[in-house]
Amino acid sequence: MKHPAVTATTAALALLLPLTACGGSAEAGDGSTVTVTVGYQSKTINTVTAGTLLRSLGYFEKELDALGDGTTYKVNWQDYATGAPITAQMTAGKIDIGSMGDFPLLINAARGRQLGKPTHLVSVTGYNLRGGLNTIVAAPDSKLASLTDLRGKKVSTSVGSAADGTLVRALQRAGIDPDKGVEKLNQQPAVGASALAAGSTDALSQFVAWPGLLAYQGKAKALYDGAQLNLPTFHGVTAREDFAEKRPAVLEAFLRAQAEATDYLGEHPVAAAEKVAGATGLPAEVVYLYNGAHGIATFDPAIKPQLVSALKQDVSVLKSAKLTGDVDVDSFVDDQYVRKALGTDYARRLATAPAPAASEVWPKSATETRAFKSPAQLLGYVAEHPDGIRAAYVPDATTGTLWFADRAVWVADGDQLLPFVAPATARAYAAGHGGARVVTYADALERAS
């Protein structure tokens with residue numbers, strides 16, 4: 001997205017301007033006009049309650065209008081592909097509020113302190129307590145079947161992102177040096193996806209929604225489910241300290257609006273998926289995989305202790321990559337504004353837990369999905385309605401990560417039909433259960449019918 005350059009003016013001329021660039025205000029008669037600039041990532045769809053969905057619903061603008069403080073507010077929404085440019089704009093004083101993933105949040109904290117422009121984590125958007133928001137994928141016809149097969153191979157990722165953190169940790173657990181054991185290509189998600197299609201990289205480690213999108217399009221297969229790490233991953237909202245201190249009511253209005261958007265997402269998951277799809281160009285089926293009723297992500301603005309703990313563990317990964325020094329996570333996290341914005345409701349939200357894993361079918365032309373008690377029951381329904389299914393989702397039998405039923409790896413274990421995101425976990429399960437074996441999706445459908 002292109003943004004016009006800001007032209008320097010004299011101080012005298014600046015006093016005459018009725019509108020400020022980012023979060024400041026200028027007198028305009030008896031009132032004033034304030035522009036609040038929000039940086040978001042439309043296609044990083046686990047930030048939608050603070051970005052794409054929130055913008056489409058208009059809740060922030062409504063909350064600002066309701067302040068009734070005699071100020072006219074305007075919201076400047078700026079869309080970016082990753083968190084890095086949002087951090088750059090925040091430290092330059094040009095973005096007031098931004099949303100990004102956990103690793104970029106730490107870089108945001110470090111850069112802000114380094115440049116004397118501190119920022120704070122003020123709320124959470126989408127999270128997964130096991131780490132399922134990041135996935136390593138390979139080309140659909142690749143011979144790679146497990147993480148150990150990556151030794152000596154080229155792997156594309158965005159260095160400094162949560163997906164890079166997943167790659168580093170996964171390789172370490174597999175006994176592969178993440179610096180010397182693979183050839184890491186530092187690429188933006190879209191570039192990495194093109195490289196995978198062209199065969200110039202062997203695998204791609206990326207964050208939502210790229211792995212699900214490529215799998216849905218038949219352009220990739222999952223190689224490693226980030227939830228195997230069993231370490232939380234999340235996205236959150238960060239605000240400039242000077243902005244928060246100068247305009248706490250505005251920040252609280254944003255956080256109330258975010259909570260409203262979160263409630264809308266929970267109450268209307270299909271409609272929300274359609275809204276986000278319309279704004280981003282992503283297939284609604286992919287958006288629902290992550291943001292649906294039983295999706296990979298859980299949304300809540302409360303800053304849960306598990307997520308703060310995970311953030312502290314992430315610091316060492318960024319330090320080893322020389323992307324940051326020490327980060328004081330406790331001073332970066334500031335929940336005073338979201339607590340005040342949500343009042344007594346904050347405690348309830350803090351105590352909420354992710355919805356249990358479930359299998360879901362999205363029938364064609366339906367405005368609601370249909371849940372099933374087991375993957376086998378879902379397969380039976382799909383087999384009976386071969387031309388009536390828009391999308392079918394099943395949770396990994398070991399991690400709970402939701403995946404497309406026709407892209408999952410299936411294991412037949414007696415009367416059970418068990419789905420897995422990655423082939424290695426499916427084979428491991430089959431090896432540990434006598435008589436169990438990996439079967440094709442077509443075979444699984446036939447067994448369920």
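These questions and answers cover strand S17 and residue Ser156.

Author: This is a predicted model: local features need pLDDT of at least 70, side-chain atom pairs count only at pLDDT 80 or more, and totals for chains, interfaces and linings use all residues. Residues are numbered from 1 along each chain as its sequence is written, and side-chain values use heavy atoms, without hydrogens and water.

Reader: Why is Ser156 called buried?

Author: Buried means under 20% relative accessible area, exposed over 50%, partly exposed in between (1.4 Å probe, protein chains only). Ser156 has a relative accessible area of 0%, so it is buried. Ser156 lies in strand S7 (residues 154–157). Strands here are DSSP runs of E, at least two residues, numbered from the N terminus.

Reader: Which residues is Ser156 in contact with, leaving aside neighbours within four places in sequence?

Author: Contact means heavy atoms within 4.5 Å. Among the partners of Ser156 are Leu185, Gln187, Gly192 and Thr201.

Reader: What makes S17 largely enclosed?

Author: Five of the five residues of S17 (residues 409–413) are buried, so the rest of the structure largely encloses the strand. Val409, Val411 and Asp413 point one way, Trp410 and Ala412 the other, and all are buried. In a regular strand, side chains alternate between the two faces of the sheet.

Reader: How do you know that S17 pairs with S18?

Author: Two strands pair if DSSP finds at least two bridges between them. Five bridges join S17 to S18 (residues 416–420), and they run antiparallel. Asp413 has Gln416 as its bridge partner in S18. The two strands form a hairpin with two residues between them. Gly414, in the turn, has a positive phi of about 65°.

Reader: What joins S17 to S19?

Author: Three bridges do, and S17 and S19 (residues 437–439) run antiparallel. Ala412 has Arg437 as its bridge partner in S19.

Key:
Helices (H or I, at least four residues) and strands (E, at least two) are DSSP runs, numbered from the N terminus.
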